[in-house]
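Here is a short briefing on a protein model.

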Amino acid sequence: MVRSMFCFTSFFPCSWSQILETLPLPNIKWICPTSPVQTINFIWWTFYNCMLESKSVCNCKGFDVTDISEDAIQDVEGMDASAAHVLSLLSNEPPNIKLGVGGFSMGAATAIYSARCFARGKLGNGTRYSAHLAAVVGLSGWLPCANHPSNEVEGPAASVPILLCHGRGDEVVWFRYGEKSAEKLTSAGFENLTFKSFHSLGHYIIPEEMDEVSSWLTSQLELEGHS
């Protein structure tokens, strides 16, 4: 069995677990963590269930986001905490299982940050990144800490397959942030990155996008013929 851990944030009526289980990928075990939601005097939704709204501060489990532009002050400590949390989940899987990580919106940001940590072999704080990633998927997300001096990667980890999808009509995480993230990752040394744009897609998913994810995972993880 090929197992991929995908952490997806969502503000949809049905859970990501239900969505992912409908994909024709029987060889993948989906792990969709959840966390309790708190609402205080500003928008506070947890990392695994987060919706950004205009003029709101969104504090996700592990990191804060008020500005996703390249020149914004980045919560590196918080990003490390989020990536470490995902890493702890991955570490529970058997050593002979292929592992992946992915997400939507802020979940995508954590997945992309995790890819960078994997390529460098460590978190931003120097803690060893022990998981070996076989695939990374980011939907409607962005690259955190895009201007960090340690973004350059090299060696075998630079070949980790990455799929980024973004809608040109995204009103929350603008398309240009997703496109620029793909360019930054490629220039940093990631050799196997695919960027897919969807013309009228906003900050949500559509069947065509999930079909793309399914086909890409089947190809990259060599799922055909496995049981």
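The notes below cover the sheet, its helices and the cavity.

This is a predicted model: local features need pLDDT of at least 70, side-chain atom pairs count only at pLDDT 80 or more, and totals for chains, interfaces and linings use all residues. Residues are numbered from 1 along each chain as its sequence is written, and side-chain values use heavy atoms, without hydrogens or water.

**Sheet**
- Four strands form an open sheet in the order 3-4-5-6, with parallel pairing.
- Strands (E, at least two residues) and helices (H or I, at least four) are DSSP runs, numbered from the N terminus.
- Two strands pair if DSSP finds at least two bridges between them.
- Strand 3 (99–104) and strand 6 (193–198) are the edge strands, each pairing on one side only.
- Strand 4 and strand 5 run parallel, joined by four bridges.
- Val 137 has Leu 163 in strand 5 as its bridge partner.

**Helices**
- Helix 3 lies across strand 3, strand 4 and strand 5, at about 145 degrees to strand 3.
- Angles run from 0 to 180 degrees between N-to-C directions, with axes fitted to C-alpha atoms, for helices over the stretch in contact.
- Helix 4 packs on the sheet and touches strand 5 and strand 6 (contact means heavy atoms within 4.5 Å).

**Cavity**
- The lining of the largest cavity has 13 residues; Ile 112, Gly 138, Gly 141, Leu 164 and His 166 lie nearest its centre.
- On a 1 Å grid over the protein atoms alone, a cavity is a set of points where a 1.4 Å probe fits but cannot get out, and lining residues have an atom within 4 Å of a point.
- Strand 5 gives the most to this lining, with three residues.

Key:
1 Å grid on protein atoms, 1.4 Å probe; cavity = no way out; pocket = protein on both sides within 12 Å on 5 of 7 lines; lining within 4 Å.
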